[in-house]
Amino acid sequence: METRGVMPKERALIEIRLAGLSQGIHKFDFTCAAGDFKDSAVKDAGFSDGISVHAIVEKNDDEIAVSMETTAKAALSCDLCLAPVALELKGTYRVYYIYEQAPGQEEAADEYRLIDRNSVSIDLTEDVRETLLLSVPMKATCTDNPDCHIYLQEGSEDADNLPDSSWQESLEKLKDKYR
Ligand SMILES: [Zn+2]
């Protein structure tokens, strides 16, 4: 899957150069724009600005472990009042590129991928795209909308009053006792 042909290919949006990469831990930072993915799902999820990706690549004899973290702003809408909410979302994903399939690993998770020892690069574009989409929360609520906050406080006040009043009640009883 990762073996590249001799023909020069269009450079991947986000890729790790393996050629000349020594063993050990390497850090990479990428920035791109939401539009670079040319994917309507990314746009529909609320991403429109810059996306930063931090990748930690750990290369050893048997495998290359890649941990990636995406940070991006998304324009969502509040589940309670539908007001626009801008959130900074972080997503993480870890994938292992292995040179040889270990016995019994065939049905293992997607996070294990076979790679040729002579591969010159790993294309992370698709993993980053999926990590971004997975970083979108199932629920979003206002962070600084007073109208929405009033609604939230009303809901929690009733619950808060109970322990308070019963605590006060016992305090009054105590006072009576020692009066
Ligand atoms: Zn709201």
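Analyst: Helices (H or I, at least four residues) and strands (E, at least two) are DSSP runs, numbered from the N terminus. Two strands pair if DSSP finds at least two bridges between them. This is a predicted model, in which local features need pLDDT of at least 70, side-chain atom pairs count only at pLDDT 80 or more, and totals for chains, interfaces and linings use all residues. Residues are numbered from 1 along each chain as its sequence is written.

User: Which strands form a hairpin, and how many residues lie between them?

Analyst: The hairpin is formed by β4 and β5, with six residues between them. In the turn, Leu82 has a positive phi of about 65°.

User: In what sense do β4 and β5 pair?

Analyst: β4 (residues 63–77) and β5 (residues 84–98) are antiparallel, with 15 bridges. Ala72, for instance, has Leu89 in β5 as its bridge partner.

User: And β5 with β6?

Analyst: That pairing is parallel, over three bridges, and β6 covers residues 112–114. Here Tyr96 is bridged to Tyr112 in β6.

User: What is the strand order of the sheet?

Analyst: The order is β2-β3-β4-β5-β6 in an open sheet of five strands with mixed pairing. β2 (24–33) and β6 are the edge strands, each pairing on one side only. On average, neighbouring strands are turned by 25° against each other, direction ignored; the axes behind this angle are lines fitted to C-alpha atoms, for helices over the stretch in contact, and angles run from 0 to 180 degrees between N-to-C directions.

User: How do β2 and β3 pair?

Analyst: They pair in the antiparallel sense over ten bridges, and the partner of Asp29 in β3 is His54.

User: Changing topic: which residues of the largest nonpolar core touch the most other members?

Analyst: They are Phe47, Ala55, Val66 and Leu124, in a core of 22 residues. β3 (47–59), β4, β5 and α2 (125–134) each give two or more residues to this core. A nonpolar core is a set of buried Ala, Val, Leu, Ile, Met, Phe, Trp, Tyr and Cys residues joined through C-beta atoms within 7 Å. A residue is buried if 20 or more other C-beta atoms lie within 10 Å of its own, exposed if 12 or fewer, and partly exposed in between, with C-beta atoms placed from the backbone.

User: What does Ala55 touch?

Analyst: Not counting residues up to four places away in sequence, Ala55 touches Ile16, Phe28, Val66, Ser67, Met68 and Leu124. Contact means C-beta atoms, placed from the backbone, within 7 Å.

User: What share of the chain is buried?

Analyst: Of its 179 residues, 17% count as buried.

Methods. Contact = placed C-beta atoms within 7 Å.
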